[in-house]
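Subject: Model with two ligands, handover and notes

Hello,

Please find the structure below, for your files. My notes on it come after.

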Amino acid sequence: MANVIVVGAQWGDEGKAKITDLLSKSADYIVRYQGGSNAGHTVVVDGDTYKFHLIPSGILYPGKIAVVGPGTVVDPKVLLEEIEDLKRREIDPSGLKVSTQAHVTMPYHLAIDQAEDSGRGRKKIGTTGRGIGPTYADKSDRIGIRICDLIDPNELKEKLEWLVPRKNIMLERLYSLPPADPKKIFEEYKIFGEKLKPYVVDTSALIFNAIKNKKNILFEGAQGTLLDLDHGTYPYVTSSNPVAGGACVGGGIGPTSIDRIIGVSKAFTTRVGEGPFPTEVFGREADELRAKGTAWAEFGTTTGRPRRVGWLDAVLLRYAVRVNGIDCLAITKLDVLDNLDELNICVAYEDTTTGSKYYDLPLAAGIFKRVKPIFETLPGWKTSTNKCRTRDDLPEKAKNYLDRIQELLGVSIAIVSVGQKRHHTIVIEDPIHGPKRVLQQS
Ligand code: GDP
Ligand code: IMO
Ligand code: MG
């Protein structure tokens, strides 16, 4: 038995869903513990592409239990659409369990998120517009509507009658938007509650019993370490805790039940939305990289926005190893670098004002936004890696690139992904039962 957390080590979209999908085979329960429909998790199986926003991707395996945990925020409209989509594709959604305690994203949250972010002008965060920040704000303010309220028409009605007039003051006076109608929302959301009720349980108790019965639990992180509300590049973050510690709070289990933490990182870096990104490439360099015919030209799964791209940042990843307690790494999208002549890895930062060097992320000191990367340049391998299935199949220069990442981070690489599909994977060592190999950092 092993309980495992899969956590994004960068700014999201690291390929967590591909790794979760691989590991789900040997899990009994797959649990989302934070975030909402801002997540966009892509899994490619037998040529079919699945894009999940709320449902854990483990639902694709028959017989698995897919849990939407207490720490998540649920837009019932999106969740019901996902359930319908699965049914249309002949995938049985009956293993889905939604926590009574999860908070509900309401239409006024979507309106406020979108109005608030565009109202920030040059200081906008570039949110996904999925109502995430306002839903978590209501949760912290202790005025949120939870799934247990959504499935109880009396509670729902009472809460909406009190809440909506207050939200309307914001909508009308602050954002010049039309007011929301509590009766209309009630009628629509009461039906959502009825439809979701068969899936709603106390998921914390469910997971506790599963652990007692020696089942394997896999926690699927959404977003990534640097988007964490407490440990990310604040204020350019999301409103939840994607870090591994968040799995205990948001899943409703104790830290002693966790056996292994797997960090997922791309072989380079991407970011969607605003905020600092020291290794970002722009202009001619970016155009040249894209012209190599590789998949650097990425687009967000949820919003379709182009992802900002840049070189691998070892300073940022060392920080991710530290704040998550990562035991081993999965490196994805190595194949995307196949055509490059040279590759850069950021090994340290330099403060552009004082010239000081940083080997650890200077987030807390607020210096992060004015640093420039110090790069080490490695030769490219200029061979396709897409067909490699073992470490030995990889070109020597690709092995050197991976070895250098291990050295810089002090953590072993257990999995390397070389394409979108399940079989495009190199398992170097068992990520769950292999030895915890935390190496000496160089
Ligand atoms: P997530 O949010 O972390 O699950 O990642 P996304 O699904 O948003 O984005 C990752 C994208 O990269 C998806 O389109 C995946 O299918 C794709 N992907 C994952 N691993 C690999 C890989 O090794 N190579 C390539 N070329 N694509 C990959
Ligand atoms: P997955 O799970 C990448 C980013 C948004 C924005 C910031 C805040 O697919 O990795 P929010 O809507 O959460 O208030 O937006 O966070 N963001 C993501 N970026 N992948 C995601 O999820 C993201 N979810 C949110 O672009 O910068
Ligand atoms: Mg994504």
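Residues are numbered from 1 along each chain as its sequence is written, and chains are lettered from A and ligands numbered from 1 in the order in which they are written. This is a predicted model, in which local features need pLDDT of at least 70, side-chain atom pairs count only at pLDDT 80 or more, and totals for chains, interfaces and linings use all residues; side-chain values use heavy atoms, with hydrogens and water left out.

Ligand 1

The shell of ligand 1 holds 18 residues, of which Lys16, Gly40, Asp335, Ser417 and Gln420 come nearest; a residue counts as near if one of its heavy atoms lies within 4 Å of the molecule. By class, this shell has 3 nonpolar, 8 polar and 7 charged residues. For these classes, Ala, Val, Leu, Ile, Met, Phe, Trp, Tyr, Cys and Pro are nonpolar, Asp, Glu, Lys and Arg are charged, and the others, Gly among them, are polar.

- a side-chain N or O atom of Ser417, at 2.5 Å
- a polar backbone atom of Gly15, at 2.9 Å
- a polar backbone atom of Gly419, at 3.0 Å

On its own, ligand 1 exposes 590 Å², and the protein buries 92% of that (accessible areas by the Shrake-Rupley method with a 1.4 Å probe). Helix H1 (16–24) and strand S3 (41–45) are the elements that give two or more residues to the shell, and H1 gives the most, with 3 residues. Helices (H or I, at least four residues) and strands (E, at least two) are DSSP runs numbered from the N terminus.

Ligand 2

Around ligand 2 there are 20 residues, the closest being Asp13, Lys16, His41, Thr128 and Thr238. An oxygen atom of ligand 2 lies 2.7 Å from a side-chain N or O atom of Lys16, and a polar side-chain atom of His41 is also placed 2.7 Å from an oxygen atom of the ligand. A polar backbone atom of Gly40 is 2.9 Å from an oxygen atom of ligand 2. Taken alone, ligand 2 exposes 550 Å², of which the protein buries 98%.

Helix pairs

H3 (residues 107–119) and H4 (residues 132–140) pack at about 120°, with axes 7 Å apart. Axes are lines fitted to C-alpha atoms, for helices over the stretch in contact, and angles run from 0 to 180 degrees between N-to-C directions. H3 and H4 are therefore oblique to each other: angles under 35 degrees count as roughly parallel, over 145 as roughly antiparallel, 65 to 115 as roughly perpendicular and the rest as oblique. Their crossing is right-handed, that is, the near helix is turned clockwise from the far one by less than a right angle, anticlockwise being left-handed.

The axes of H2 (residues 76–88) and H7 (residues 182–196) come within 10 Å and cross at roughly 45°, which makes H2 oblique to H7. H2 passes H7 in a left-handed crossing.

Backbone

The loop between strand S10 (217–220) and helix H9 (245–251) contains Pro235, and the peptide bond from Tyr234 to Pro235 is cis, with omega near 5°. Gln223 is in the loop between S10 and H9; although not a glycine, Gln223 has a positive phi of about 55°.

Regards

Key: Polar contact = N/O pair within 3.5 Å; in protein donor to acceptor, adjacent residues only side chain to side chain.
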